[in-house]
Amino acid sequence: MRGRPLGGESGSDDGESPGDGDLRGRLRAVVDPPVLGVAVVTAAYLSVFLAATDVVGGSTRAAVAVAVAGAAGFLLARYVGERAALRLTVVLFAATLAGYYFAIPESQRALFSVRRVAIDVVSLLTGLSILRLALADVWVLAVAPVPTFLVGYLVGRGRHVAAAGAAGGTLAFLVLTGDAGGTTTLVGVVGVALAAGLSTLSMPGGIRDHGDTLAAVLAAMVLVSATLTLLPAGAAQPWGIDRGTPTLESSIEADDEVEVVGPTRLSPEVRYTIESPVAANWHAGAYDTYTGDGWVRSGEQSPLDGPLDGPPGNATQVNVTITAETESPSLPAPWQAVDVRGPAAQTARVDEHGTLRLAEPLGAGESVTVESRVPDADPAALRSAGTDYDPAIEERYTQLPESTPDRVGERTEEIIAASNAETPYDRAVAVERYLREEYEYSLTVRKPDGDVADAFLFEMDAGYCVYFATTMTAMLRSQGIPAQFVTGYSEGERIGEDRYVVRGQDAHAWVKAYFPGHGWVTFDPTPAAEREETRTARLADARAAGDEDVDVPASEPARGAPSIVPEAGVNDPSSTTADVPNDSNGTAATGGDAADAAAPGDTAVGARQEGLTRGAVGGEARPSGDGSPIPSRETVAYWLVAAVIGVTGARRFGVGRRARRAARLRLPWVSSDPATDARRAFADLEYLLGRRYRERRAGETPRAYLDALRLRGLDERALAVGETYERATYAGTVTRAEADEARRTVRRLALEATPVLGRLFD
Amino acid sequence: MTDAAETGPAGVDADGTGEPERPPMALDEVAALAERVVDNVEAVIVGKRAAIEHVVVTVLARGHLLVEDVPGVGKTTLAKAVSRSIDGSFKRVQFTPDLLPADVTGVNVFNQRTDEFEFQPGPVFANVVLGDEINRAPPKTQSALLEAMEEGQVTTDGETRALPDPFCVIATQNDVEPGQTYELPVAEVDRFTKKIRLGYPSTEEEAEIIGRMAGDHPVDAVEPVASIEEVRRARVAVADVDATEPVREYVARLATYTRQNARLGVSPRGSLALLRTAQARAALDGRGYVIPDDVQTEAPTVFAHRVRSDSGTDGEQVVEDALNRTSVE
């Protein structure tokens, strides 16, 4: 094993001059067809790693490290045996992990234990994004080069399938962490299949003979996966997993990660009853890492050990009692909650962003009391807060993906300059006002490609809270102002003094900016009035539809109160609460609904209408939104792939030839010389009989064939055709009349075989 | 390939002697003639109609026939009956290990009365020659007969004498005593147009055969049903049967297949023989053109003995494969 210089293809190099042959062998190893597949799957997992470093920084560094590792592996292939290379890989992995271990701060390092690492590995494999690791950039730098080294080495040895396996394994890991999306995964799988297929077909002529099969298989893979995900999801998430239209709540309530989605809907179900002396946005979670299309909450949680300090500046202490009406993982309370009392207090934890969280969700009907310290700094104080940020906070909360376009910052500067804002507070207010005034509120938007903040700022003219908050946070960060993306609930319906009903539709996202000496201050760039209108309409619809769970006793409107009249579309009272929004909110889910709601004179307002009038976003028409559907890129790609596989399949199975023949059989013909006509007649007859009985065998003469079929009830007229053919072919004596008669006979037989057409022609 | 090199006596006659303008017989007459002969012979040979047809086809195709089988199944009777059905001369040569070439071809004998050497023609000078147990004679004697078959003439003491027309050799050989026989070399077997086997009769047929033969041997009672002249004209008609290009290509493809799939395949002489017998077969059907079915009927008897397969056996399997795998237009 050790003595073999370079497996596979380099064996033939031995006779050539060392340098020359080495180079040529090396080149051959690179241009081998299976390398294409390996390259595809390697590119797939590297794209995930590099996307992560784009968010957390250090992408150039990581790219260089990966390139060096890959090249080193490839070059080492000639000199190092496989076992040694494997050992080297393990050593390399251990070394880089050690580097990562020593790179993270000492305080966190203390947390490391075998159990802890094991839990971390398990949580990584069950969907913990690598972005949430401490020092994710260092982690990527440590981990990404190792499989790349192995892939480079295996390619150098000509072990393409193993190389594709190593790369595919890495990609599989990233799929499990949830960092590799559907498209990346599909590309990776296609790459593995390509590598395996091309490697299998690497014998001479293999690709020529079976290349179309491989192509068809690959096309089928793409098509099937695209069909399974594309069709049910509609235009919203063409290549993603089918999740239907998510509720706004579910999209921002996700554990530790918020993905910006396309159209969303509102759930009117009651979530909490909150008793609070102040009306506020109920804060549930804060996010620090912006990925370009979502938010990630990084860092660890620690048990709550006595009350938190609360905001550094002046604050009002309030006690808030939260009663969960449905099972609830969050603890919505006025910022900043500092202590928890009640049965749930034992499981309270605090994360690195100062948010109180519960390890065990609150059960339905369970209550908990939270003590909050609400900062009450006035604008003047905030204006004078200065920019003397804590470096740790500044670094963490001014993060932006490296790929964020510069024009986000430039536009922000323009806005600030236009309002003559000097201090960070004024700047934040300017940005907040700009977004509120310039953009419309809409729940039905098409998720943009690329950076959400950039797209919202420049290409879209409407969105909902997640878009507004994401954009504002990114804009503030571009100005060096530390900012968080915050999720939670808005105050909800006030049903008595200090009592609020909070429904699913009140789920909200907003922004907090940091001011030295005052802590985190809330900004809400979402146009409040429009949002309120939407929610009111949604609630009215749900009440009118007789949904349960949308009210607590105190919140029910008096009978006969001027609520909004229900109309067509909400006609299925038997459906469960979860289903109702699909029926009535007019998102892309149901076309018929949309048509109803769009009818003139429609009295419905809010989400229904909102969703429709906002159908066209950023100049891009949505398929079911209005009357001018321009197919999305994904749809076009889908049909292109479908066409490719169709043509390949048709060619492979000779559909075209068969169709021509079937048509010629039944339609009047253009005649040529009698012998040719007679032969064509027999060829058609043979095709016809081949379909009905069996095909003529290789060594079977026409006469023997027809004789054999006579036993199976062959029409006697066919024998005459055979005789004519025989004379045309073997005697060369056939007349025009005989040939025509043969063709007529065959046509008659064909038409009899297809009764419908037959009636047409007889 | 020129016709002259390959043809038998008929060719020599047609080209060299005085009756070039023999009118060909109409094809339905050929068919009728063949049927008469076959019926006539069948009266003697029970249940061997296919074999009899092969003999008739050989005669009409200007070829020679080799019959191989165990002794006593009627080889000689068959040959005798066919030759008697035709109103021509018939000679029989019993090949033995001490038979000399001159015993076949004939010798010059000194006639004391005329003081001259006189040619005493051997048994080969006949329309139908039965070479019985040809593999019992040494090769030298065998080759005397085979030369006559190939050349259509006999040369003794420097003088060349043409053989009669039609001239047809029906040779028999048995394959039960390999130690005491001289197996025919491949080159000589190739000169026989066909090789057929008769096989044992079925029980009923055998019962009938022994019943018929208990008294006088019925072959002695066979009367001619065709004149020599008719046979000659039939042979001309057969040579005129159309073999179009698709058929010729089919024959060539079959031959090619045997060459590719056996140690020794069929020679072009074999292909020509197949085409000629196919013509005769078409004529038997009263048809003026050859169809692949004719070729398929003839191929096993014409090709099999010319093929040496790797397993050492005859090429019957190879020919069967060729027929099954070669595509027909």
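Modeller: Let's start with helix H14 of chain B, whose buried residues are covered by, among others, helix H11 (245-261) and helix H13 (292-303) of chain B. Helices (H or I, at least four residues) and strands (E, at least two) are DSSP runs, numbered from the N terminus. H14 itself spans residues 316-325, and its buried residues are Val318(B), Val319(B), Asp321(B), Ala322(B) and Leu323(B). Here "buried" means under 20% relative accessible area, "exposed" over 50%, and "partly exposed" in between (1.4 Å probe, protein chains only). An α-helix has 3.6 residues a turn, so residues three or four places apart point the same way.

Before going on, a word on what you are looking at. This is a predicted model, in which local features need pLDDT of at least 70 and side-chain atom pairs count only at pLDDT 80 or more, while totals for chains, interfaces and linings use all residues. Residues are numbered from 1 along each chain as its sequence is written, chains are lettered from A and ligands numbered from 1 in the order in which they are written, and side-chain values use heavy atoms, with hydrogens and water left out.

Now to the place where the chains meet. Chain B gives 20 residues to the contact and chain A gives 16, where contact means heavy atoms within 4.5 Å. Between them the two chains bury about 1,300 Å², 51% of it on carbon and sulfur atoms; this is the accessible area (1.4 Å probe) that two parts lose on being put together, summed over both. In chain B, the most area is lost to chain A by Tyr289(B), Asp293(B) and Glu329(B), together 41% of what that side buries.

The count of salt bridges between the chains is 1, a salt bridge being a side-chain nitrogen of Lys or Arg within 4 Å of a carboxyl oxygen of Asp or Glu. Asp285(B) and Arg703(A) meet in a salt bridge through their side chains (4.0 Å, N to O).

Over in chain A, strand S2 (residues 270-275) has 5 of its 6 residues buried, so it is largely enclosed by the rest of the structure. S2(A) runs antiparallel to strand S16 (residues 499-503), joined by 5 bridges, and Tyr272(A) has Val502(A) as its bridge partner in S16(A). Strand S7 (residues 315-324) of chain A is also antiparallel to S2(A), with 4 bridges, and there Thr273(A) is partnered by Thr323(A). Strands pair if DSSP finds at least two bridges between them.

Gln479(A) sits in the loop between helix H18 (465-478) and strand S14 (483-489), and is buried, with a relative accessible area of 17%. Its side chain reaches the backbone oxygen of Gly409(A) at 3.4 Å. Pro303(A), in strand S6 (residues 301-303), is exposed, with a relative accessible area of 54%. The C-alpha atoms of Pro303(A) and Arg349(A) are separated by 4.2 Å, although these residues are 46 apart along the chain. Not counting residues up to four places away in sequence, Pro303(A) touches Ala348(A), Arg349(A) and Val350(A).

Notes: Polar contact = N/O pair within 3.5 Å; in protein donor to acceptor, adjacent residues only side chain to side chain.
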